[in-house]
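Here are my comments on the model you sent. Please read them with the structure open.

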Amino acid sequence: MKPSRAILLISVVGWIVFYVVGFAALGSSVPTIESSGQEVIDWFMENPTNARTYAWTAAFASFAVTVFGAQVAALLPRPHRYILFGGVLGWAILGQAQAWFWAGLALHPEGLDPATARTLLNIPAYVGPIINGSTMTMAAAVVPLGFGTSRMIPRWLAWLSVAFFVEQAVETVTVFGQSGFIAPGGTMNVYLGGVIGVAWVIGVMYWGMKRLDAAAAEASAAATSRSDVTSA
């Protein structure tokens, strides 16, 4: 496998692994936007290692997704490459900020009062609807490249990007939610958005690996052509 293909594949697999491990570390009893301040304190007192594990995995997940973004951006024309990479950076940075708050809350939860604990957890909960701005940017960079007479990406990836963009745009309504499916940091952000986001990243990776193969073949053909001309 070519080094560039291996890096792209490893970055995506690494991101998925660290994302899933971090999510699993928090567990099903994790406090939500609907939890009371005392419930937040109780959870962090009982599960400090879980929160720190999540923060640790977030560091590596942000690294992996940034490498993925750089690899894919290099395959796109301007300005699409800059738009996509800007979205990826926002995605990575907001993920780091969210983990930052979780790790901080886990350090000395016994010294918090309920109102403070509740407020500190509210802040990273709103990363969900805000990060949609970055994910929409990523999808928007790809969509135009799949339509028209000189399209660069396959139609299936263009439509997957459209679906990703639309879902993420709709998901911004979670900024107004207070409970249930549309609560910030809730089911719509974590499960629905997460599944579609992972599917989009895998789709882009698949296209990127094909594109890298084509670029390598073109480079090899060009080198052979130059060699033939020189020999003649």
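**Notes on the predicted model**

1. Aromatic pairs. This is a predicted model. The count of aromatic pairs in it comes to 13. One of them joins Tyr54 and Trp102. Their ring centres are 6.0 Å apart and the planes are at 75°. Planes over 60 degrees apart count as edge-to-face, and this pair is edge-to-face.

2. What the pair connects. Tyr54 belongs to helix α3, residues 48–73. Trp102 belongs to helix α4, residues 80–107. The pair therefore ties together parts that lie 48 residues apart in sequence. Are Tyr54 and Trp102 buried or exposed? Both are buried.

3. Trp43 and Phe44 sit in α2.

4. α3 against α4. How do these two helices run relative to each other? They pack at an angle of about 170°, with their axes 8 Å apart. Angles over 145 degrees count as roughly antiparallel, so α3 and α4 are roughly antiparallel to each other. The contact of α3 with α4 has 20 nonpolar residues, 6 polar and 2 charged.

5. α2 against α3. Helix α2 covers residues 37–46. Its axis and that of α3 are 4 Å apart, at an angle of about 80°. That value falls in the 65 to 115 range, so α2 and α3 are roughly perpendicular to each other. On the α2 side, the contact is made by Trp43, Phe44, Met45 and Glu46. On the α3 side are Pro48, Asn50 and Ala51. By class, the residues of this contact divide into 5 nonpolar, 1 polar and 1 charged.

6. The loop between α3 and α4. Pro79 is found here. Look at the peptide bond that joins Arg78 and Pro79: it is cis, with omega about 0°. For context, most peptide bonds are trans.

7. Helix α4 itself. α4 has 28 residues. From its first C-alpha to its last, α4 reaches 41 Å, close to the 40 Å expected at 1.5 Å a residue. Which residues of α4 are buried? Among them are His80, Leu84, Val88, Trp91, Trp102 and Leu105. The buried set also includes Gly87, Gly90 and Gly95, along with Ala92, Ala99 and Ala106.

8. Thr174. This residue lies in the loop between α7 (155–171) and α8 (187–231). Where does its side of the model stand on exposure: is Thr174 buried or exposed? Thr174 has a relative accessible area of 0%. The cut-off for buried is under 20%, so Thr174 is buried. Leaving aside residues up to four places away in sequence, Thr174 touches Pro129, Ile182, Ala183, Pro184, Met188 and Asn189.

9. The chain as a whole. The secondary structure comes to 8 helices and 0 strands. From the N terminus on, the elements run α-α-α-α-α-α-α-α. Along its principal axes, the C-alpha trace spans about 80 × 35 × 25 Å. The protein chain has 232 residues, of which 41% count as buried.

10. Sequence range of contacts. Take the contacts between residues at least 6 apart in sequence. Of these, 74% join residues at least 24 apart. The Tyr54 and Trp102 pair also reaches across the sequence, tying together parts 48 residues apart.

Definitions and conventions. Residues numbered from 1 in each chain as written. Predicted model: local features only at pLDDT ≥ 70, side-chain atom pairs only at ≥ 80, totals over all residues. Heavy atoms only, no water. Phe/Tyr/Trp six-rings, centres within 6.5 Å; stacked < 30°, edge-to-face > 60°. Buried < 20%, exposed > 50% of the residue type's maximum accessible area, 1.4 Å probe, protein only. Axes fitted to C-alpha atoms, helices over the stretch in contact; angles between N-to-C directions. Parallel < 35°, antiparallel > 145°, perpendicular 65-115°, else oblique. Contact = heavy atoms within 4.5 Å. Nonpolar A, V, L, I, M, F, W, Y, C, P; charged D, E, K, R; others polar. Expected span 1.5 Å × (residues − 1).
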